[in-house]
Amino acid sequence: MKTPSGTRAQGLAPDDHPSLIYTGLGRPTLADLGASVVVFLVALPLCLGIALASGAPLASGVVAGIIGGFVVGALSGSHVQVSGPAAGLTAIIIAAIASQGSFEAVLPAVVIGGLMQIGLGVARAGVVARYVPNSVIKGMLSAIGIILILKQLPHLVGWDADAMGDDAFFQADQQNTFSELLVAATHIQTGAAVVGAVCLALIVLWPRIPVRAIKAVPAPLAAVLVGTLLSEGIGVLLPAHAIDPSHRVALPQGGLAGFLADLPRPDWSVLTSGPTWTLALTLALVASLETLLSLEAAVKLDPWRREANPDRELVAQGVGNLVAGFAGGLPVTGVIVRSSANADSGAKTRFSAIFHAVWLTIALLVFPGLLARIPLAALAAILFHVGYRLARPALFRAAWTAGRAQFLPYVITIVAILFTNLLVGIGIGLAVGVVITLRESARIPALREDRNTETGWVRFVLAEQVTFIHKAGVAEKLASLPAEVHVEIDGSACRSIDLDVLEVIHEFKKSTEVREIKCHLIDVPALPGGAGAGGH
């Protein structure tokens with residue numbers, strides 16, 4: 001597998017026949033270490049924000065991120081995908097807590113859902129993601145990018161009414177994604193806005209610094225360090241504009257003992273309850289679909305376009321959810337935002353996903369007080385930049401240039417995800433893609449016509465593939481033939497013909513006697529049951 005520069009990268013050779021089980025990790029690289037820091041900075045606020053938006057303890061979000069790195073990262077075959085708690089499951093968890101009575105009663109369903117995912121992987125159900133068109137996958141990536149941009153703008157200026165990991169269009173404060181921007185414009189916190197603007201500018205300009213030693217430091221890490229120092233400086237020199245403590249990272253306090261005490265334990269008394277198994281099936285199906293879509297997107301984000309076995313990914317995610325349920329964590333899936341940050345940061349192997357879990361663990365247990373000084377505006381700047389990378393204007397121009405059949409599903413998927421959610425939007429985009437594909441296929445004629453007006457002889461040659469969408473065109477073509485014409489229908493080149501179209505041809509053959517038309521069929525299959533025959 002060649003790198004973009006044309007040289008073979010160390011440790012990048014993909015598996016020719018990926019296994020469903022653990023097959024070793026390969027060798028880590030320095031690029032993985034740097035990328036893992038960026039993924040950690042992106043994952044930390046998302047883990048906390050998704051837990052907050054789901055109504056679960058903060059520790060449950062962090063432990064899900066750690067499991068997504070250590071467990072899924074080790075078992076996965078993807079080089080760039082990163083797993084953790086996903087915003088797409090937030091609504092399901094909220095409803096589950098309300099119906100089950102507590103988050104503890106939800107955890108057994110997470111365990112069972114993990115076992116179901118393992119079963120799906122063993123049954124090789126991962127192939128379903130291969131049927132999602134590229135235009136829909138690209139639309140999904142751009143939609144997530146736009147959502148990140150819109151959702152992080154309020155955090156950039158110090159307005160945190162919406163949890164950082166929540167990507168829902170309608171919010172808990174009765175606002176929506178767009179109206180929240182207007183509210184944020186009237187609640188700008190000067191100190192946070194300055195930090196956000198400086199961090200965003202630093203991320204954009206950092207790669208242009210000519211000093212190689214400085215460029216070796218990941219831009220997001222530099223932005224967080226500068227943003228934190230700037231925040232502290234504003235608090236000392238301009239106390240009137242100091243960043244409010246509510247606009248900083250909030251971690252479970254108390255070190256290891258406090259973290260463990262905050263983790264919920266599964267309530268196994270609901271194990272025999274019907275709703276628990278229904279919830280488990282819902283989590284398994286939704287988490288699996290989101291993971292598979294993320295995996296397809298991760299291949300497009302990876303500069304080396306390395307494939308990964310989707311069935312093995314389902315097994316890895318299932319084991320991750322099995323562990324998460326026992327450990328008191330939120331359910332995990334493959335997550336596009338973290339995967340995008342990982343790929344953009346130059347990750348070469350899945351060690352990056354594992355290392356990011358190391359940083360999450362160290363930060364949580366060793367430096368909670370230090371992390372609590374980080375302003376959310378600095379982290380919002382990182383997520384904003386990730387969003388721009390996913391939805392940069394060049395992607396829209398490329399989709400437009402590709403033609404209507406690619407552009408319409410791309411744009412409709414974006415709009416649908418923006419106003420609904422990931423899975424509903426993907427479904428709408430997929431439906432539009434299918435309709436457009438059918439329309440385009442219907443334009444390809446099923447009958448190639450060779451007409452001789454002087455002799456009254458017409459010859460039709462059936463296309464190689466004739467499907468049900470050609471039925472109307474074939475019927476219209478045959479019905480328009482005048483009387484006293486000699487028709488020949490040649491099916492010798494046809495490899496597959498739909499039964500509906502075949503019936504139209506044989507019905508036409510039967511009608512030729514009363515229409516004074518002579519019809520001759522060549523290699524046209526007979527109808528099942530013996531009605532009609534070819535080779536007359």
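Colleague: Is Asp 311 buried or exposed?
Modeller: This is a predicted model, so the value is computed from predicted atoms. The relative accessible area of Asp 311 is 9%. Buried means under 20%, so Asp 311 is buried.

Colleague: Which residue forms a salt bridge with Asp 311?
Modeller: Asp 311 lies in helix H12. Its partner sits in the loop between helix H4 (107-122) and helix H5 (134-156), so the pair ties together parts 187 residues apart in sequence. The closest N and O atoms are 3.9 Å apart. The partner is Arg 124.

Colleague: Is Arg 124 buried or exposed?
Modeller: Its relative accessibility is 51%. Exposed means over 50%. Arg 124 therefore counts as exposed.

Colleague: How many salt bridges does a search of the whole structure find?
Modeller: One of them joins the side chains of Arg 306 and Asp 302, at 2.8 Å from N to O. Arg 306 is buried at 4%, and Asp 302 is buried at 1%. The search of the whole structure finds twelve.

Colleague: Which strands hold Arg 459 and Glu 488?
Modeller: The side chains of Arg 459 and Glu 488 meet in a salt bridge, 2.9 Å from N to O. They are 29 residues apart in sequence, so the bridge ties together separate parts. Arg 459 is in strand S4 and Glu 488 is in strand S6.

Colleague: Which polar backbone atom lies 2.7 Å from the side chain of Asn 321?
Modeller: Asn 321 lies in helix H12 (residues 310-327). At 3% relative accessibility, Asn 321 counts as buried. Leaving aside neighbours within four places in sequence, its contacts include Val 110, Gly 114, Pro 331 and Val 332. The atom 2.7 Å from a polar atom of the Asn 321 side chain is the backbone nitrogen of Val 332.

Colleague: Which residues does Thr 90 contact, leaving aside neighbours within four places in sequence?
Modeller: Thr 90 lies in helix H3 (residues 90-100). At 6% relative accessibility, Thr 90 counts as buried. With those neighbours left aside, the contacts of Thr 90 are Ile 50, Ala 53 and Ser 54.

Definitions and conventions. Residues are numbered from 1 along each chain as its sequence is written. This is a predicted model: local features need pLDDT of at least 70, side-chain atom pairs count only at pLDDT 80 or more; totals for chains, interfaces and linings use all residues. Side-chain values use heavy atoms; hydrogens and water are left out. Helices (H or I, at least four residues) and strands (E, at least two) are DSSP runs, numbered from the N terminus. Buried means under 20% relative accessible area, exposed over 50%, partly exposed in between (1.4 Å probe, protein chains only). Contact means heavy atoms within 4.5 Å. A polar contact is a pair of N or O atoms within 3.5 Å; within protein, one must be able to donate a hydrogen and the other to accept it, and residues adjacent in sequence count only if both atoms are side-chain atoms. A salt bridge is a side-chain nitrogen of Lys or Arg within 4 Å of a carboxyl oxygen of Asp or Glu.
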